[in-house]
Amino acid sequence: MSDTPFGFGLPPEEPDDGDEGKKKDQQSGGGQGPANPFGLGLPGGPGGAGADNPFAAMFGSLNPNDLGAAFQQLGQMLSYEGGPVNWDMAKQIARQTVAQGAPDGTKDSSVGLAERSAVQEAVRLADLWLDDATALPSGAGTALAWSRAEWVEATLPAWKELVDPVAERVGAAMGDVLPEEMQAMAGPLIGMMRSMGGAMFGTQIGQAVGVLAGEVVGSSDVGLPLGPAGKAALLPANIETFGKDLGVPKDEVRLYLALREAAHQRLFAHVPWLRSHLFGAVDGYARGIKVDTAKLEDVVGQFDPQNPEQLQEALQQGMFQPEDTPQQKAALARLETALALVEGWVDAVVHAAAKPRLSSADALRETLRRRRASGGPAEQTFATLIGLELRPRRLRDASRLWASLTDARGVDGRDGLWAHPDMLPTATDLDDPDGFVHREQLDFSELDKMLGEAADKPDLRKKGEAEGDGTE
């Protein structure tokens, strides 16, 4: 778990080549030191136009020809009156980041017809294989091949739902730090601060989502349903990069990732409570974030409208901390366990489907496990945005538990546990998977049968009641 939600207050990493690396970073504008806490990939070549300017990602190189547009954007930012995050700005920044290209130098491009056909065929075959590995039917009504820009567009609604709870607390705190009798007088200032806060969050989120778009391979890389329901989606350009040095045929890499995407789709489509369970855990954790009001009061008292970077610097200094309460710990444990169970189930089901058919199944499985366990780009980005590391720390334990359940109870018995959240293994069960697997399960089938028969025979029940009345 990150103790600094939104990534604020984190010290910059030392470059591998020491002072020389620092000099290079300063020259290239690629550094992520204190002057650039959002880690923005700033445009503008040497010197990184606005390398110390949080608005450089929005305003470009700020040459004289761009000043008019820059001030227009600044006016739009300050006049923003929406929710806690300026999502229009987030979308704009994300699209600009995607257009600049991924860290590996690859550029975004429209997906061609051949690639779309290959993805559709891979998802179709993956669903066919999964029929033998799970009792849950297909959940992907459509198979899509997305560009990075299309991934941004499709997933922003889910990011909004995940990020807004934390940002909302920050916005509310900004209005609460002044005494009530002063709030009316300071209304314009508070309004401007909220607009600035929404812009700052929008800038950071847009940048992070744009970077993530260059690395994800589908719509479910973080174990959450980020894309539209019923649409299995893969990103051909990123799949190409993912499989580049694995020594595995491209078709096998695509098919294995299609298996994972299709398995996630089945789970979220046919376990209706699961999405709200996960998002509710994130929301519960976010509402336990507390704002250091002493620091915020200092910001309000010293805020200079001509120095908007001051707000960014204040946010950088760790103004937000998770509350150390039983409720907060329970919310985090609930989320981590649920993520482990989701990812463990997908891992076990996909392995069962792929192992007999793909020679590279073991290698691909281990690559993806390490990517998740070590905190890959998806987990790091989410930790920056929400203050949580959505890393299923107990993925291997959960996968072994699901595999043992398959051996002991069969596919139907294993998947039947998703019928209700109270039936799922707990964090304690992950410590003792054998105990959970072999624990005697209550069988309500006979009771259900009796209740069903009674419900189907109302006339007999009424007759019995009448006869009983007649014997009085």
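## Report on the predicted model

Arg-260 is found in helix H10 (residues 250-270); helices (H or I, at least four residues) and strands (E, at least two) are DSSP runs, numbered from the N terminus. This is a predicted model, in which local features need pLDDT of at least 70 and side-chain atom pairs count only at pLDDT 80 or more, while totals for chains, interfaces and linings use all residues. Residues are numbered from 1 along each chain as its sequence is written, and side-chain values use heavy atoms, with hydrogens and water left out.

Arg-260 counts as buried because its relative accessibility is 14% (buried means under 20% relative accessible area, exposed over 50%, partly exposed in between; 1.4 Å probe, protein chains only). Contact means heavy atoms within 4.5 Å. Beyond its neighbours within four places in sequence, Arg-260 contacts Glu-343, Val-346, Asp-347, Val-350 and Leu-368.

Not counting residues up to four places away in sequence, Trp-418 touches residues including Leu-274, Trp-345 and Trp-402.

Confidence is given as pLDDT, the predictor's value for each residue, from 0 to 100. The protein chain averages a pLDDT of 74, and 58% of the residues score at least 70. Two stretches are listed below.

| Stretch | pLDDT | Contacts beyond near neighbours in sequence |
|---|---|---|
| Residues 1-62 | below 50 | 118 contacts |
| Residues 460-465 | below 50 | zero contacts |
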